[in-house]
Amino acid sequence: MKRQESDGSPIRQRHQGVSLLGRGLISGAADDDPSAIGTYASAGARFGLGMLWTAPVTLPMMFTVVYLSSKLGQVTGRGLFQVIHDNYPRWFLYLALAGVVIGNTIEAAADLGGMAAAVNLFVPLSVPLIVAVMAVILLCLQVIGSYILIRRIFRWLALSLLAYAGAAILAKPDWTAVLKGSLIPSIEFNEEFLSIIVAIIGTTLSAYLYTWQSNEEVEEKIAEGKTSVKARRGVSSSKLARSRKEILVGMTFSNLVMYFIIMATGATLHVQGHMDIQTAAQAAEALKPIAGQAAGYLFAAGIIAVGFLAVPVMTTGAAYDLAQSIGIKGSLNASAREAPGFYVIIAAVTLVAVAMNFIGINPMKALVWSGVVQGFSTPPLLLLLLLMTNNKAIMGEHVNSRLMNIAGWLTVLAIFSASAGLVVTWVI
């Protein structure tokens, strides 16, 4: 059985002392996965520092979505898809499940490919071989390691993203242009610009981000010894307030990373005319002769480190959602013997992701469309999350406040408007 820590232990007390660097930080860092880094690098290279405004604009959207998911998990003691399973028709459940599992698998494949390409900058081995080796390492961590161990590793891996602050500073940007790009939105009404906006929204608000958050809240309660849904149900207002702070820290960290990536590529690649960047590894390689070897290697190192965090979040997230939908036990706090189906799903999703890097499917190109699709699918998923967190039968006294509902509806409107604008450019 995987080891758990009890309430009141010194480890538990230390965990509470560093809560602001806990679950919100892990979720925020996982959102800056290699494929997201590639999207942000592409935006900076193509449109320059004029895209910096997208980071502060998406921050309140990310906070709203992740906090609502966190609250749902804490109040109900169940993951997002378990709540859908218990309250909505099966056809709706399986439709949502298909989109999330397919999206997670494609993104995991793209991230493995992106990590391997970055490793290849340091180690001259074949990319498919690197993909296979990394997949085995990650799978072993998920199957053998305890939830507490995985959480600790993820927390330290998240801090590796600070490398992008260094890369941005080494890029020596024009700080006047940085300030202008941060405060004054530069908007173009054409297909290329709107596609990258929808892709940015799709990758910053990916479904795996908030399905993972709800499940992480459940895992934390299981680690405290609350193994039944009844024991996990309910949360105090003070804990929700602490969650808001924790998630705000995590999402701010994530958006600062996004900001620095756009700054690094916008100040270098865009200025030098290297506008066609499709992957994070390409950005790292292109940065070397312009911003220096150190900037290029920092960029590549960040890709590798965060990939080791993000890929398990996606594969485990798909396993959580599928396990909850079909009614089998699924928890990283359980051993492989206690929850065999859950770990078989993790292995299967990992295997498919690896296979996509071997059979000629370009996962990075697939990811472009995946990001756009997620940009279109986010509004209905967020709408569902809003409906659930406003349902007194599900949330009791912890239904959303007026301010949170306003933030949620504004997020839905902003995402829908960007997606609708892209459709209009296609039609015209």
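Guide: Begin with how much is covered: of the 428 residues in the protein, 58% are buried. Buried means under 20% relative accessible area, exposed means over 50%, and partly exposed lies in between, using a 1.4 Å probe and protein chains only. This is a predicted model, in which local features need pLDDT of at least 70 and side-chain atom pairs count only at pLDDT 80 or more, while totals for chains, interfaces and linings use all residues. Residues are numbered from 1 along each chain as its sequence is written, and side-chain values use heavy atoms, leaving out hydrogens and water.

Visitor: How many helices and strands does the protein have?

Guide: Helices (H or I, at least four residues) and strands (E, at least two) are DSSP runs, numbered from the N terminus. Here there are 20 helices and zero strands.

Visitor: What span should helix α11 have?

Guide: The expected span of a helix is 1.5 Å times one less than its number of residues. Helix α11 (residues 191-204) has 14 residues and should therefore span 20 Å, which agrees with the 20 Å between its end C-alpha atoms. Eleven of the 14 residues in α11 are buried, including Phe193, Leu194 and Thr204.

Visitor: What is found at the start of α11?

Guide: A side-chain oxygen of asparagine 190 comes to within 3.3 Å of the backbone nitrogen of glutamate 192.

Visitor: And how is helix α12 covered?

Guide: In α12, 17 of 17 residues are buried. Helix α12 covers residues 207-223 and reaches 24 Å from its first C-alpha to its last, close to the 24 Å expected. Glycine 225, with a positive phi near 100°, follows α12.

Visitor: Is threonine 58 buried or exposed?

Guide: Threonine 58 lies in helix α4 (residues 54-76). Its relative accessible area is 5%, so threonine 58 counts as buried.

Visitor: Which residues does threonine 58 touch?

Guide: Contact means heavy atoms within 4.5 Å. Leaving aside residues up to four places away in sequence, threonine 58 touches Thr204, Asn255 and Met258. Thr204 is also one of the buried residues of α11.

Visitor: What joins the side chains of threonine 58 and asparagine 255?

Guide: A polar contact is a pair of N or O atoms within 3.5 Å; within protein, one must be able to donate a hydrogen and the other to accept it, and residues adjacent in sequence count only if both atoms are side-chain atoms. The side chains of threonine 58 and asparagine 255 are joined by such a contact of 2.9 Å.
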